[in-house]
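Colleague: I would like to learn how to read a model like this one. Could we go through it feature by feature?

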Amino acid sequence: MQKILNINQSKINPIEVENDAFSWKVELPDYVKRENNLSKYSYLVLTVYQGKINGELINPTDETKKEVERILGKYGETFEEMKRLGD
């Protein structure tokens, strides 16, 4: 039997997307990640578009997380300036 999770609203973050869709990043509880052998960085993205809801599990590896952190450390100021200027 499937388990139904009650997700705290404070853990749901809106994401900017294109095509008039609405998306939210949903943090998964640690026990869900453990029971499903997911990375500790995993999360769910829920998107509402054209009357339908789509869910996508994002499961980055530890290596991916380290690489992203390395790139942000090296180019973080540049990314912030691009964001400030509007890309």
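Modeller: Start with Leu 46, which sits in strand 3. Strands are DSSP runs of E with at least two residues, helices are runs of H or I with at least four, and both are numbered from the N terminus. The model is predicted: local features need pLDDT of at least 70, side-chain atom pairs count only at pLDDT 80 or more, and totals for chains, interfaces and linings use all residues. Residues are numbered from 1 along each chain as its sequence is written, and side-chain values use heavy atoms, leaving out hydrogens and water.

Colleague: In what order do the elements of the protein chain run from the N terminus on?

Modeller: The order is β-β-α-β-β-α, which gives two helices and four strands.

Colleague: Is Leu 46 buried, exposed or partly exposed?

Modeller: Buried means under 20% relative accessible area, exposed means over 50%, and partly exposed lies in between, with a 1.4 Å probe and protein chains only. Leu 46 has 30%, so Leu 46 is partly exposed. Thr 47, also in strand 3, is buried because its value is 17%. In the protein chain of 87 residues, 15% are buried.

Colleague: What does Thr 47 touch, not counting residues up to four places away in sequence?

Modeller: A contact means heavy atoms within 4.5 Å. By that rule, and with those residues not counted, Thr 47 touches Ala 21, Phe 22, Ser 23, Lys 52, Ile 53 and Asn 54.

Colleague: With which side chain does the side chain of Thr 47 make a polar contact?

Modeller: A polar contact is a pair of N or O atoms within 3.5 Å; within protein, one must be able to donate a hydrogen and the other to accept it, and residues adjacent in sequence count only if both atoms are side-chain atoms. For Thr 47 the partner is the side chain of Ser 23, at 2.5 Å.

Colleague: Where is Thr 64, and how exposed is Thr 64?

Modeller: Thr 64 belongs to helix 2, residues 62–85. Its relative accessible area is 38%, so Thr 64 is partly exposed. Thr 64 and Tyr 41 are 23 residues apart along the chain, and their C-alpha atoms are separated by 9.8 Å.

Colleague: What share of contacts between residues at least 6 apart in sequence joins residues at least 24 apart?

Modeller: In the protein chain, that share is 21%.
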